[in-house]
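Work through the exercises below with the structure open. Try each task before you read its solution.

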Amino acid sequence: MVSVVPEAVVILAGGTAVRLGGVSKPDYKVGARRLIDIVFDELDTAGFSGIPVVVAPSKLDVRGGVRLTLEDPPHGGPLAGVAAGVAALSDLPDDAIVGLMTCDAPLSPRLWGRLCAQLREFEAAVPVSADEEAWPQFLHGCYRLGVLRSRPSARNTSIKRGFADVLAAKVPDVERFCIDVDTPEDARELAKRLGEGTA
């Protein structure tokens, strides 16, 4: 039986929130909490007890037990960030289940149960937008670690290009748990969904 919770999670949190005033994105507050704090609260709610890896500058304040890493040099784009996070999991085997997520989409672990259930037959499972485009959300998927290790670590290359050959099960994100906080309007919507009032 495959666990419904990944054994590790790689959280991309190295970006700057240009449309949110240029602050450190993981430090951006929605309601009373920073985005990175909401991420860990969601992980707790999901029952996650594995290895958390945060890809972010070393100055980011994170809870104890987190493996904090960053691509070198920084600002290499999401593929380079994923590679840096995966490198921090060298003690896990290729068949370990690893979740990917970004700090600005903290609700995505709510999909883990449905995603991990697909790993009985697939090596990867990703949410897709619940619209006509059915856009694959590779950065919010669950993967066998070997799949992530085989991804290119090219800098400034899109996730779509780097994950193009991944044969993944698709899970519609009907509830929009992969909502990204890129603008103040997004932050207000997330705060409303969390019951925290105005962001």
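Predicted model: local features only at pLDDT ≥ 70, side-chain atom pairs only at ≥ 80, totals over all residues.

**Exercise 1. The loop between β7 and α2**

Task: Locate Pro 73 and His 75. Is the peptide bond from Asp 72 to Pro 73 cis or trans? Is His 75 buried or exposed?

Solution. Step 1: Pro 73 sits in the loop between β7 (67-69) and α2 (78-87). His 75 is also found between β7 and α2. Step 2: look at omega. For the bond from Asp 72 to Pro 73 omega is near 0°, and the bond is cis. Most peptide bonds are trans. Step 3: turn to His 75. Its phi is near 60°, a positive value in a residue other than glycine. Step 4: exposed means over 50% relative accessible area. His 75 has 59% relative accessibility, so it counts as exposed.

**Exercise 2. Aromatic pairs**

Task: How many aromatic pairs are there? Classify the pair of Phe 138 and Phe 163, then the pair of Tyr 143 and Phe 163.

Solution. Step 1: the count is 3 aromatic pairs. Step 2: recall that a pair of aromatic rings is described by the distance of the centres and the angle of the planes. Step 3: for Phe 138 and Phe 163, the ring centres are 5.5 Å apart and the planes stand at 35°, so this pair is tilted. Phe 138 is in the loop between β9 (124-129) and β10 (142-144), and Phe 163 is in the loop between α5 (159-162) and β11 (169-173). They are 25 residues apart, and the pair links distant parts of the chain. Phe 138 and Phe 163 are both buried. Step 4: for Tyr 143 and Phe 163, the centres are 5.6 Å apart and the planes at 65°, so this pair is edge-to-face. Tyr 143 is in strand β10, 20 residues from Phe 163. Tyr 143 and Phe 163 are both buried.

**Exercise 3. Around Phe 163**

Task: Which residues form one aromatic cluster? Which charged end sits over the ring of Phe 163?

Solution. Step 1: the cluster consists of Phe 138, Tyr 143 and Phe 163. Step 2: the charged end of Arg 151 is over the ring of Phe 163, 5.8 Å from the ring centre.

Definitions and conventions
Residues numbered from 1 in each chain as written. Heavy atoms only, no water. Phe/Tyr/Trp six-rings, centres within 6.5 Å; stacked < 30°, edge-to-face > 60°. Helix = DSSP H or I, 4+ residues; strand = E, 2+ residues; numbered from the N terminus. Buried < 20%, exposed > 50% of the residue type's maximum accessible area, 1.4 Å probe, protein only. Lys NZ or Arg CZ within 6 Å of the ring centre and 35° of its normal.
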